[in-house]
Amino acid sequence: MLEALYDRIDDKRDELVELTRSLVRIPTINPPGDAYVDCAELIGRRLARRGFDIQYLRGEGTPGDSERYPRTNVVARRDGRAPGACVHFNGHIDVVEPGLGWSVDPFAAVVRDGRVYGRGTCDMKGGLAAAIIAVEALIESEVDLPGSIEISGTVDEETGGYGGVAYLAHQGFFSKPRVDHVIIPEPLNVDRVCLGHRGVWWAEIETGGHIAHGSMPFLGDCAVRHMGAFLARLESELYPALAQKRTRMPVVPEGARQSTLNINSLHGGLAEGYDGLPSPLVPDSCRMVIDRRFLIEEDLPQVKAEVVSILEALRHERANFSYELRDIMEVQPLMTEADRPVVTAVSAAVERVLGRRAEHIVSPGTYDQKHITRIGHLKDCIAYGPGILDLAHQPDEYVDIDDMVASAKVMATAALELLTGRAP
Ligand SMILES: [Zn+2]
């Protein structure tokens, strides 16, 4: 019976490619959040023809939402013949800007060597198309399918997901009893099940100083030197300490299996962009944005305290050292337990379709699962989809067509098990 389902998906190979291409040709670049309505309607019109109820939901008032750039999401739902569980496939429709270095038009969706090229092919319109084809094949081959299937195309994942999954989660779209299992076809590769992600703390640290003539710096107080002292302490104390913190989370790549800290930006003194020569000034302000990624074994107050304790030590040791610390963003780490039904069903489906064991991984960075778990309180959520994560946001991004077909089979098999409650 699964063979008939797989044959049906194989028959839809060209349709899968064309659906991917039509999604990629809509340049849903974020920011600013272009063409969201066109993309949401393409998905909505298609699924309406297949018996889905369609809702368009605009994240009014969320960051970036305007009449010119409405944050329009689409949610499609189909109830089966008998009540039962609901399986939801969620894909973000926004893409990042193409940038430079492309050898093809990033929005032409060129097909070459068994791949579809273009911005958003891998991250993640190819995965969304594979989920749609998987569901359509499943509905056609299982006329008495119980339970419900939902597919959503959501906005703004690349900028935090506030107008997309977070907005919908606040309205109950990602909570029981409406939905039981969520699969996000992000590009984690056909044989890997992503259980969650590390935590995030972004903050801005500003050191203060006193402005003076650059020829007499002793009359001022240099904010950049104060920041330099802080940087030196990060190097001698914090970085070595972070390298010691190892996690049981199966993060890939391996290098991210420890706590990390990126210095995102550093600005001190005269603003950039002046014409002519700079003026001789002692900087009275220096600002640094840090991006700290933390582990499930750590907690956020402790993560912050490590930085604050260095700043406080400097305040006691250095004359006139002053600082301000502003939080920018916080995301808790999360990891779905490996024995949850959505994990076991997708893992078994990977083994069935590909003949090898599914690898359980955790993402170094975050994605929309955070909102589903934190706002929707849904524990049964994973990311699984075709595409190579390293290609995301790169020039000449592509998705492999064989991988899309294989992942569609995996998603259809897993949905069948989750809806019928029987292992296929
Ligand atoms: Zn993505």
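1. Two strands are taken to pair if DSSP finds at least two bridges between them. In this predicted model, strand S4 and strand S5 (residues 115–117) meet that condition, being joined in the antiparallel sense over two bridges. Within this pairing, Val111 has Val116 in S5 as its bridge partner.

2. The pair belongs to an open sheet of three strands, ordered S4-S5-S16 and paired antiparallel. Strand S4 (111–112) and strand S16 (398–400) stand at the edges with a single partner strand each, so one side of each has no neighbour in the sheet. Helix H4 (residues 121–141) packs on this sheet, where H4 touches S5 and S16. The direction of H4 makes about 45 degrees with that of S16.

3. Helix H4 also packs against H2, at an angle of about 135 degrees and with the two axes 9 Å apart. H2 and H4 are therefore oblique to each other, and H2 passes H4 in a right-handed crossing. On the H2 side, the contact comprises Glu15, Leu16, Leu19, Thr20, Leu23 and Val24. These meet Thr121, Lys125, Gly126, Leu128, Ala129, Ala130, Ile132 and Ile133 in H4. Sorted by class, this contact holds nine nonpolar, three polar and two charged residues.

4. A further helix pair is formed by H2 (residues 13–24) and H10 (residues 401–420), whose axes come within 10 Å and cross at roughly 110 degrees. An angle of 65 to 115 degrees counts as roughly perpendicular, which makes H2 roughly perpendicular to H10. From H2, the residues involved are Arg13, Leu16, Val17 and Thr20; their counterparts in H10 are Ile401, Met404, Val405 and Ala408. The contact of H2 with H10 consists of six nonpolar residues, one polar and one charged. Leu16 and Thr20 of H2 take part in this contact and are also listed in the contact with H4.

5. At the level of the whole chain, the domain assignment gives domain 1 as 2–197 + 334–420 and domain 2 as 199–331. The centres of domain 1 and domain 2, taken over C-alpha atoms, are separated by 37 Å.

6. Concerning the contact between the domains, seven residues of domain 1 touch nine residues of domain 2. Strand S14 (residues 359–363) supplies the largest share of the domain 1 side, with three residues. The residues on that side of domain 1 divide into four nonpolar, two polar and one charged.

Technical notes:
Residues are numbered from 1 along each chain as its sequence is written. This is a predicted model: local features need pLDDT of at least 70, side-chain atom pairs count only at pLDDT 80 or more; totals for chains, interfaces and linings use all residues. Axes are lines fitted to C-alpha atoms, for helices over the stretch in contact, and angles run from 0 to 180 degrees between N-to-C directions. Helices (H or I, at least four residues) and strands (E, at least two) are DSSP runs, numbered from the N terminus. Angles under 35 degrees count as roughly parallel, over 145 as roughly antiparallel, 65 to 115 as roughly perpendicular and the rest as oblique. Two residues are in contact if their C-beta atoms, placed from the backbone, lie within 7 Å. Ala, Val, Leu, Ile, Met, Phe, Trp, Tyr, Cys and Pro count as nonpolar, Asp, Glu, Lys and Arg as charged, and the others, Gly among them, as polar. Domain bounds come from an automatic or database domain assignment. A crossing is left-handed if the near helix is turned anticlockwise from the far one by less than a right angle, and right-handed if clockwise.
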